[in-house]
Amino acid sequence: MAELVRLGERASRPALLAVQDLKVSYGAIAALKGVSLSLGQGEVVALIGANGAGKTSTLRAVSGMLKPKAGTITLKGERIDSQPSHALVAKGLAHAPEGRGIFPNLTVQENLDLGAYLRNDKAGIAQDLEKSFTLFPRLKERQHMPAGTLSGGEQQMLAIARALMSRPSLLLLDEPSLGLAPQVTQTIFRILRDVNAGGMSILLVEQNAHLALDLAHWAYVLETGEVVMEGTGQALLGSPEIRKAYLGE
Amino acid sequence: MYKFLQHVINGLSAGTIYALVALGYTMVYGVLKLINFAHGDVMMVGVYVGYAVAFLLGRETATTVPGALLVFAVAMSACAALGFLIERFAYRPLREKPRLTSLITAIGISFALSYGFQLDWAVQDWTILPGAAARRFPQIIEPKEWLVLGDSDVIIWNWQVISFGVAVGLMTLLQLLVFKTKFGKAMRAVSHDHRVAGLLGIPVDRVIAGTFMLGSALAAGAGILYAVKDKSVQPLMGMFVGLKAFVAAVIGGIGNLPGAVVGALLLGLCEEFVVGYTASSWRDAVAFGFLIAVLLVRPAGLFGKFQPEKV
């Protein structure tokens, strides 16, 4: 294994998520060959890397969509690997998957309601619904329309808002910029910054390294299933290697 | 005119029974994208359970209202349990395997049930057990004329009314369950995308198991109504009724609940008219011809949306 490069100093925070030596395979093909990472309370951590580097696999293993072959995942000190996804939602994980995964035939409102599936506090749900409408005014305008009629950007907003409806302690986001116009992506990242400023911890997978590093407190660079570099977002943005490989310079 | 009216009544009466069975096919297809070919045979098992309960209660008790309700309740619960077991031990282990594997398993279960019930379990004089021969289904609803029009031109039997009422009642309950309860919401989410449903905290395995139990219970109810009409129960009835109900579900657009009901009513009427105005030997040919005609015009069924297979 190559020497892991570390850039910048990480601010110390109480640990929320810790992944240790995570291995995942699809049949005979190893997608993750021992990934370790950590995320502190209130932190935005980004995973960047080329297609097939293992970013999405990492996220899926954390949220229980994939069963790891080896390694441990701990959330708030509790082992969560090999638990089904629905059980992890109750423990405070919310995953807005790649491709958004909204229900196109259900209305925006119904999609959001499903995000609060495990909650029973009606008043709290109504309050959070209002919150998501403040965060994403576009969704309020389209509250009663089938989610399939929304534009790509609005669908992504819905996916994020729906994930937040479970009042998670950690939000997992997979490629929020996928297929969106640059302006729309800017808006979404601005909102993510606000969400994080409100105290939400975020683990972000993103192709657009520039946006991701700009938002992230800490980031990991994945290459063919391994972490090859980590550092503060700003330090990585300044690294010539990163600029060459991921920022197209 | 009277004749026409009589056929409409008979057709609707048969159609509502098909509808209850068709709903089971369509619900399971909705959540799993699996044609549960064992569904009709689960229904048949339910009829035998109802038969055994009625047999044990005796003729006097079984024809009372509480007796008849008990027959329904036990048969429906037994089928819910059977549906649960089939899903848990036959389909769930194969869920991530290619879909054909589950389909073949379904056909296997269908044969195991329908032929297993033909084995001569029956010890002499103890006909509560199934066997190859058809058994007379006890008249848990004593036939009475409910309404007679003209000079006995149109007869509506009490069992037709009761059967219609029970079927509509069960369908209304299902509608409420699917659209007004949390379980229903979860069911719809799972049918859209079970992976995403899991990410929202919906216990997908439990929802799928619940769907099987629900569909199987409805099938048992339908099976008993059918057996009351037919006055008999036999191990292959699941295949006949199941196939028709499956056709009804496909006509309506498989995966679509109202579609299954409409498809079943149309099929029931269609069959009845064929039998009434031509010869009964044409019945099945016309039923399947109807299916082909619908699929030629609307390949996804009357209410289905055509979705190309995702690669």
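Ala, Val, Leu, Ile, Met, Phe, Trp, Tyr, Cys and Pro count here as nonpolar, Asp, Glu, Lys and Arg as charged, and the others, Gly among them, as polar. The model is predicted.

**Stop 1: the second largest pocket**

Select Lys131(A), Leu135(A), Leu164(A), Val195(A) and Met200(A). Of the 13 residues lining the second largest pocket, these are the closest to its centre. The space inside is about 300 Å³.

Now show the whole lining. Six of its residues are nonpolar, three polar and four charged. Colour helix H4 (122-135) and helix H7 (182-197) of chain A; each supplies at least two lining residues. H4(A) gives the largest share, four residues.

Next, colour by domain. Where does the pocket lie relative to domain 1 (1-92 + 169-249) and domain 2 (101-167) of chain A? Both domains give residues to the lining, so the pocket lies between them.

**Stop 2: two loops in chain A**

Go to the loop between strand S5 (70-75) and strand S6 (78-79) of chain A, and pick Lys76(A). Lys76(A) is not a glycine, yet its phi is positive, about 50 degrees.

Then move to the loop between strand S7 (93-96) and helix H3 (108-115) of chain A, where Arg100(A) sits. Arg100(A) also has a positive phi without being a glycine, at about 75 degrees.

**Stop 3: a helix pair in chain B**

Select residues 39-62 of chain B, helix H2, and residues 204-230 of chain B, helix H8. Their axes come within 8 Å and cross at roughly 60 degrees. H2(B) and H8(B) are therefore oblique to each other. The crossing of H2(B) past H8(B) is right-handed.

Conventions:
Residues numbered from 1 in each chain as written. Chains lettered and ligands numbered in written order. Predicted model: local features only at pLDDT ≥ 70, side-chain atom pairs only at ≥ 80, totals over all residues. Heavy atoms only, no water. 1 Å grid on protein atoms, 1.4 Å probe; cavity = no way out; pocket = protein on both sides within 12 Å on 5 of 7 lines; lining within 4 Å. Points joined across faces, edges and corners; volume = space filled by probe spheres on them. Domains from an automatic or database assignment. Axes fitted to C-alpha atoms, helices over the stretch in contact; angles between N-to-C directions. Parallel < 35°, antiparallel > 145°, perpendicular 65-115°, else oblique. Left-handed = near helix turned anticlockwise from the far one by under 90°.
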